[in-house]
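I opened the model and kept short notes on what I looked up. They follow in the order in which I went through them.

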Amino acid sequence: MLDVLRVRIYPNKEQETALVRNFGCCRFVWNHYLEKTNNQYKQTGKGLSYYDMAKDLTQLKKLPDYLFLQESTAATLQQSLKNLESAFKNFFQKRARFPKFKSKHKKQSIRYPESCSIKGNGLKLPKLGIVKAKFPKTIGGKIKSVTVSQTSTDKYFAAILFETNDLISNKTGKISGIDLGLISLVTVFDGETCTKVDPTKPTRKYAKRLKRRQRALSRKTKGSNNRKKQVKRVAKVHEKIANTRVEFLHKLSRKLVDENQVIVVENLCIKGLARTKLAKSLLDAGLGMLINFLTYKLEREGRRLIEVDRFFPSTKLCNCCQFKNDSLDLSVRDWICPNCQTHHDRDENAARNIREEGIRILSTNTAGHAEIKACGEGVRLVAASCKKHSFVKQESPVTT
């Protein structure tokens, strides 16, 4: 099994200069062959393969105007061509957008596919020697590749891909249903108790600091050294916001994975929700990132993540009598079932329904729910004056 460890590295001045040159060479190779592939595709209707680009790169490095490419590690340049070919394949298979030209003003990264090892408290890289690093844990397996990146705040990190022993654990846990939201980030029901976790809201927390530094940036003259310094100050605030969010979500996902054998969540359309008026709060919460963290952590330990269909009416369905209350909107946080007179907390009731639906999916081994009538369910936030569109697709109704 492969695992990844991201560590911070501290190159000296000479190593930092060599890394900057290597970043520039890989960026040049990407942009050069991206433009060349585009031109050939316009002329002949066929682009360049990795074999064609690698063959041409060998001759390009011998030309007087491109001798600077010889200063870089050959494997990193070839890896840049492989990444370009993969980007085109992902585009034509409709998995990603069309490849873009790389800029030196954004995050830089290169990948060393071979000849990397750990020496003491450092990481040995080709043509760089031993770079000082801070390892949070020991790496016992064989290193497959190392990706070195430079952030906008001039910090260097290395993502080490290495072989490791089987990470699957034999521990057993609970089955929990999780309702994702904005007022309460997660509402967890494990069959006995229901707990809520509030979001950290890092963007709003550091909004004033970011506003002051962006305002100072707008006053700087373009191209001046003071503006470059202020750009880094703004980038540090953005980095602080991102690190705060990622750290919180990593700790939360680790806690949920350790306590549960199966986790059931809703299959939310994050891109669609990001086009609504709740976009800022939604993206600040990082719901999609949380689901990604849960997915790979559960998979590594041999546990399961079950996704309930996004049109499953978990909020409107009474957990006691299965009555469906269509009159609920986002402003209603608790309600009383008209059928059985049970008082429901909105999020807790949704978590209970999600857990029950996940158990049904687990027992019937079906990929998603197939017993809910989606006809009549509102899909978008609409104004009061607009007519509410309904789904044409018919599904099996809920038994009441």
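What pLDDT does the protein chain average, and what share of the residues score at least 70? I found an average of 85, with 90% of the residues at 70 or above; pLDDT is the predictor's confidence in each residue, from 0 to 100. I note that this is a predicted model, in which local features need pLDDT of at least 70 and side-chain atom pairs count only at pLDDT 80 or more, while totals for chains, interfaces and linings use all residues. Residues are numbered from 1 along each chain as its sequence is written, and side-chain values use heavy atoms, with hydrogens and water left out.

Entry: elements and confidence. I looked up 10 helices and 14 strands in the protein chain. Helices (H or I, at least four residues) and strands (E, at least two) are DSSP runs, numbered from the N terminus. Confidence is highest in helix 5 (residues 207-219), at a mean of 95, and lowest in strand 13 (residues 334-336), at 81. Over residues 369-400 pLDDT stays under 50, and the model has 50 contacts there beyond four places in sequence; contact means heavy atoms within 4.5 Å. Where pLDDT is low, the predicted coordinates should not be read in detail.

Entry: strand 1. Which side chains of strand 1 (residues 2-10) are buried? I find Asp 3, Leu 5, Val 7 and Ile 9 buried on one face. Buried means under 20% relative accessible area (1.4 Å probe, protein chains only). In a regular strand the side chains alternate between the two faces of the sheet.

I then looked up the partners of strand 1. Strand 7 (residues 156-163) runs antiparallel to strand 1, with eight bridges between them, and Leu 2 has Glu 163 as its bridge partner there. Strand 5 (residues 129-134) also pairs with strand 1 in the antiparallel sense, over three bridges; here Ile 9 is bridged to Ala 133. Two strands pair if DSSP finds at least two bridges between them.

Entry: lining of the largest cavity. I list Thr 200, Lys 201, Pro 202, Arg 245, Phe 248, Leu 249, Asp 284 and Ala 285. Helix 6 (225-259) and helix 8 (279-285) each supply at least two of the lining residues, and helix 6 gives the largest share, three residues.

Entry: whole chain. I note that 37% of the 400 residues count as buried.

How values were computed: On a 1 Å grid over the protein atoms alone, a cavity is a set of points where a 1.4 Å probe fits but cannot get out, and a pocket is an open set with protein on both sides within 12 Å along at least five of seven lines; lining residues have an atom within 4 Å of a point. Buried means under 20% relative accessible area, exposed over 50%, partly exposed in between (1.4 Å probe, protein chains only).
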